[in-house]
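Here's a friendly walk through one protein model.

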Amino acid sequence: MDTLELIILVYLIIINILAFLLYGIDKRKAVRKKWRIPESWLIMLAVIGGPLGAFLGMQVFHHKTKKMKFCVTVPFFLLIWITIVVFLFLFRP
């Protein structure tokens, strides 16, 4: 594994952990009727590489599972990122 691959891998691990934690924090804030994390931030985490963490956060915390916007976009970006990672790590010269 070269340096670029390691950087990408570390980035993806960190962004997915962050996404998972923020979905949990937002759920806790929702239950307590406190200030919430904007939905656009939660979606953006999936877009920029954290869709697995976002998806797991949705399932574990039962958060945003009834919102069509999340039920469509998070799995969509999960498939996109899986494709990107497979291409980058498996199909390289």
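Where is H62 found? H62 sits in the loop between α3 and α4. Keep in mind as you look that this is a predicted model.

You'll find K64 in the loop between α3 and α4.

Are these two buried or exposed? H62 has a relative accessible area of 58%, so H62 counts as exposed because that value is over the 50% cut-off. K64 has a relative accessibility of 11%, which means K64 counts as buried, under the 20% cut-off.

**One glutamate, several lysines**

Now for the charged side chains. How many salt bridges does the structure hold? There are four. Let's look at the ones that involve E39, listed here with the distance between nitrogen and oxygen.

| Salt bridge | N to O distance |
|---|---|
| E39 and K64 | 3.0 Å |
| E39 and K67 | 2.8 Å |
| E39 and K69 | 2.9 Å |

Because they share partners, these salt bridges join E39, K64, K67 and K69 into one network.

What do the pairs link? E39 belongs to helix α2 (residues 39-47), while K64 is in the loop between α3 and α4, so this pair links distant parts of the chain, 25 residues apart. K67 is in the loop between α3 and α4 too, so its pairing with E39 ties together parts that are 28 residues apart in sequence. K69 lies in helix α4, so the pair it makes with E39 ties together parts that are 30 residues apart in sequence.

How covered are the lysines? K64, as we saw, is buried at 11%. K67 counts as partly exposed, with 39% relative accessibility. K69 is partly exposed as well, with a relative accessible area of 45%.

**How two helices pack**

Next, the helices on either side of that loop. Two packed helices are described by the angle between their axes and the distance between the axes. For helix α3 (residues 51-61) and α4, the angle is about 145 degrees and the axes are 8 Å apart. Their crossing is left-handed.

Which residues make the contact? From α3 come P51, L52, A54, F55 and M58. From α4 come F70, C71, V74, P75, F77, L78 and W81.

**A greasy patch on the surface**

Last stop: a nonpolar patch on the surface, with about 960 Å² of accessible area together. The patch is formed by F76, L79, I80, I82, I84, V86, F87, L88, L90 and F91.

Let's zoom in on two members. F76 is in helix α4 (residues 68-90), and with 45% relative accessibility F76 counts as partly exposed. I84 is in helix α4 too, and I84 counts as partly exposed at 32% relative accessibility.

How far apart are I84 and L21? In sequence they are 63 residues apart, and in space they are 23 Å apart, C-alpha to C-alpha.

Notes: Residues are numbered from 1 along each chain as its sequence is written. This is a predicted model: local features need pLDDT of at least 70, side-chain atom pairs count only at pLDDT 80 or more; totals for chains, interfaces and linings use all residues. Side-chain values use heavy atoms; hydrogens and water are left out. Patches are made of residues with over 30% relative accessible area and no salt bridge: like charges are joined within 9 Å, nonpolar side chains (Val, Leu, Ile, Met, Phe, Trp, Tyr) within 5 Å. Accessible areas come from the Shrake-Rupley method with a 1.4 Å probe; for residues, only the protein chains shown count as cover. Helices (H or I, at least four residues) and strands (E, at least two) are DSSP runs, numbered from the N terminus. Buried means under 20% relative accessible area, exposed over 50%, partly exposed in between (1.4 Å probe, protein chains only). Axes are lines fitted to C-alpha atoms, for helices over the stretch in contact, and angles run from 0 to 180 degrees between N-to-C directions. A crossing is left-handed if the near helix is turned anticlockwise from the far one by less than a right angle, and right-handed if clockwise. Contact means heavy atoms within 4.5 Å.
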